[in-house]
Amino acid sequence: MNITRPLVLSAAALSLALLAACAAPSHNNANAAAPAGDSASTGAAQSSIDLGAYRWNLDTASDATGKPIGVLQREGKYGLQLSFLKDRLGVSGGCNHVGATYALKGDKIEVKNFQTTLMACQDQRLMQMDSEISKQLEGSTQFAIEGQAPQPRLLLTTASGSKLVLSGQPTPETRYGGAGTTMFLEVDAQRRSCPHPLMRDYQCLWVRERKYDANGVALAPAEDWHFLYQDIEGYTHEAGVRNVVRIKKFDIKNPPADASSVAYVLDMVVESELVPPPKS
């Protein structure tokens, strides 16, 4: 019998709204967001950085008195990341997937209606991170962008006076110059030896594509299992764990002769299941 882990999101949760969240970021350019003549938005207006073109890693956080907010500090496996897709703010890196609506108004980011998945984690710090970042960002937050591509910094001053410093990382859409195609792959619990054209004794991921109907219900697999001769960016395979992942597939312009013409980038893990090893 398979032992199922808590799902990050169940199949029923894969609704049209969730699939719509895969859309490429809109151009939430900080310069365009600032009204003409608004001197209060100088820091944002002087930057040509598009918020939606980056994922923002939270590096440090301090409260209004300058004291570090310990639970939000980036260290080891702990670290939160913000993304700005159309009018949605996404937060990842904690226990759950956290999201909210947002709008740019001059040098302010107005955030409201936080929602989260309901996964429980044994690591209490991860759950505390979810709660604290939601509390900090709710309401009106002043922002400014320092530096230029490819390593800008986002400075946030929250309604409570807390200061958050984030470093920008170009999104795959920015790196590959396009929106990409969203697809779902089921990844088997074990890698398998495959005839890789460049690497001897390579262990490939064993995958098949999965699809869902308009209500987010999984359809019966229509594709056979096959080798994936390259890794999925951002995905770490754990032996003995079967996953269903949502990925973005990007075409690579002018790839080297010995390289793939496409890139696969992890968007999120939809489902995870522990699969006991076969009995000998």
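Helix α4

Mentor: Within α4, the buried residues are R125, L126, M129, D130, E132, I133, S134, Q136 and L137; buried means under 20% relative accessible area, exposed over 50%, and partly exposed in between, with a 1.4 Å probe and protein chains only. This is a predicted model, in which local features need pLDDT of at least 70 and side-chain atom pairs count only at pLDDT 80 or more, while totals for chains, interfaces and linings use all residues. Residues are numbered from 1 along each chain as its sequence is written, and side-chain values use heavy atoms, with hydrogens and water left out.

Helix α4 covers residues 124–137, which is 14 residues, and spans 20 Å from its first C-alpha to its last, close to the 20 Å expected at 1.5 Å a residue. That expected span is 1.5 Å times one less than the number of residues. Helices (H or I, at least four residues) and strands (E, at least two) are DSSP runs, numbered from the N terminus. At the start of α4, D123 places a side-chain oxygen within 3.0 Å of the backbone nitrogen of R125. After α4 comes G139, with a positive phi near 100°.

As for the rest of the chain, it has five helices and 15 strands. Of its 280 residues, 42% are buried. Among contacts with a separation of 6 or more, 61% are between residues 24 or more positions apart, where contact means heavy atoms within 4.5 Å.

Terms used. A polar contact is a pair of N or O atoms within 3.5 Å; within protein, one must be able to donate a hydrogen and the other to accept it, and residues adjacent in sequence count only if both atoms are side-chain atoms.
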